[in-house]
Amino acid sequence: MLEAREIRWKQDNKVILQDINFHLSPGECVGLIGPNGSGKSSLLKILAFLETPTSGQLYFQGQLIPKSIPLSIRRKIAIVFQESLLLNTRVFDNVAMGLKIRGLSKGEIRQKVDYWLEQFGVIHLSKQASRSLSGGEAQRVSLARAFAIEPDVLFLDEPFSALDAPTKEGLRIDLAKVFKSTQTTTVLVSHDFKDIAHLTNRALILLNGQVVAEGSPAELLRNPHKEEVNRFLGYFTT
Ligand SMILES: Nc1ncnc2c1ncn2[C@@H]1O[C@H](COP(=O)(O)OP(=O)(O)O)[C@@H](O)[C@H]1O
Ligand SMILES: [Mg+2]
């Protein structure tokens, strides 16, 4: 579905990512985990075609991606960030937006928006102004908006990080259910191993802009690593 080969990304003479090889198969949810500043968001932006790597190749559905991304490819992906970027309109319109752009009929839009608001437990907020939502509600609406377009690849960058623990826990459970029913191909960034353990089949650990380990969440905890990787993982096992 998505593949990155030998990605390197430099900004202001600083190497932010190097030697990155990544692949994502249909139906997989792959995690990117690492401490703050390790390059997770940078890699996500490159994989989601929001930044252009300094060198290396990206393949999407078997096609080499050119420097300027065709709109047809852009429309096949959806991204959710830590801070929900909702427009200052009603909840319904936020979720409907991507469907309108794609030319769906009014009836189809209503059916899909209602379905996804329901899946994320926020259908009762449909007519509410988006700016009046709590952090947890806003993030649920952002996820509904992303799933509504039925993306070929979904990118989630720390979608729960701004939420308090109980809110985060509830959303993680609901998202796991949606993943199970939709099998949406996803890249999930988190600095919290709990998210990775609950939601992904496989994860890559990033440190200083490089992939230092890869495996299922259980393998990552079980296998021996370099000292610095163990130190990072140690926070989640003690
Ligand atoms: N556009 C940019 N220009 C310069 N430096 C950047 C840019 N984006 C990220 N960085 C730097 O790259 C490193 C990795 O950042 P980031 O990918 O945001 O890490 P993470 O998401 O793991 O916390 C940081 O040192 C950050 O300051
Ligand atoms: Mg980040």
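Polar contacts were defined as pairs of N or O atoms within 3.5 Å. An N or O atom in the side chain of Lys-14 lies 2.8 Å from an oxygen atom of ligand 1, and the side chain of Lys-40 likewise places an N or O atom 2.8 Å from a ligand oxygen atom. For Ser-42, a polar side-chain atom is found 2.6 Å from an oxygen atom of ligand 1.

Helices (H or I, at least four residues) and strands (E, at least two) are DSSP runs numbered from the N terminus.

Pockets were located on a 1 Å grid over the protein atoms alone, as open sets of points where a 1.4 Å probe fits, with protein on both sides within 12 Å along at least five of seven lines; lining residues have an atom within 4 Å of a point. The largest pocket holds about 530 Å³ of space, the volume being that filled by probe spheres set on the points. Its lining consists of 21 residues, with Ile-77, Ala-78, Ile-79, Arg-145 and Ile-149 nearest the centre. Helix H2 (71–74), strand E6 (77–80), helix H3 (91–101) and helix H5 (135–148) each contribute at least two lining residues, and E6 supplies the largest share, four residues. This lining contains 13 nonpolar, three polar and five charged residues.

The second largest pocket has a volume of about 210 Å³. Of its 17 lining residues, Thr-52, Pro-53, Ile-65, Pro-66 and Lys-67 lie nearest its centre. Strand E4 (residues 55–60) gives the largest share of the lining, four residues, and the classes number nine nonpolar, five polar and three charged.

The protein chain has nine helices and 10 strands. Its radius of gyration, taken over C-alpha atoms, is 18 Å, close to the 18 Å given for 238 residues by the globule rule, so the chain is as compact as a globular protein of that length. The rule is 2.2 Å times the number of residues to the power 0.38. The C-alpha trace spans about 55 × 45 × 35 Å along its principal axes.

Residues are numbered from 1 along each chain as its sequence is written, and chains are lettered from A and ligands numbered from 1 in the order in which they are written. For this predicted model, local features need pLDDT of at least 70 and side-chain atom pairs count only at pLDDT 80 or more, whereas totals for chains, interfaces and linings use all residues; side-chain values use heavy atoms, with hydrogens and water left out.

Terms used
A polar contact is a pair of N or O atoms within 3.5 Å; within protein, one must be able to donate a hydrogen and the other to accept it, and residues adjacent in sequence count only if both atoms are side-chain atoms. Ala, Val, Leu, Ile, Met, Phe, Trp, Tyr, Cys and Pro count as nonpolar, Asp, Glu, Lys and Arg as charged, and the others, Gly among them, as polar.
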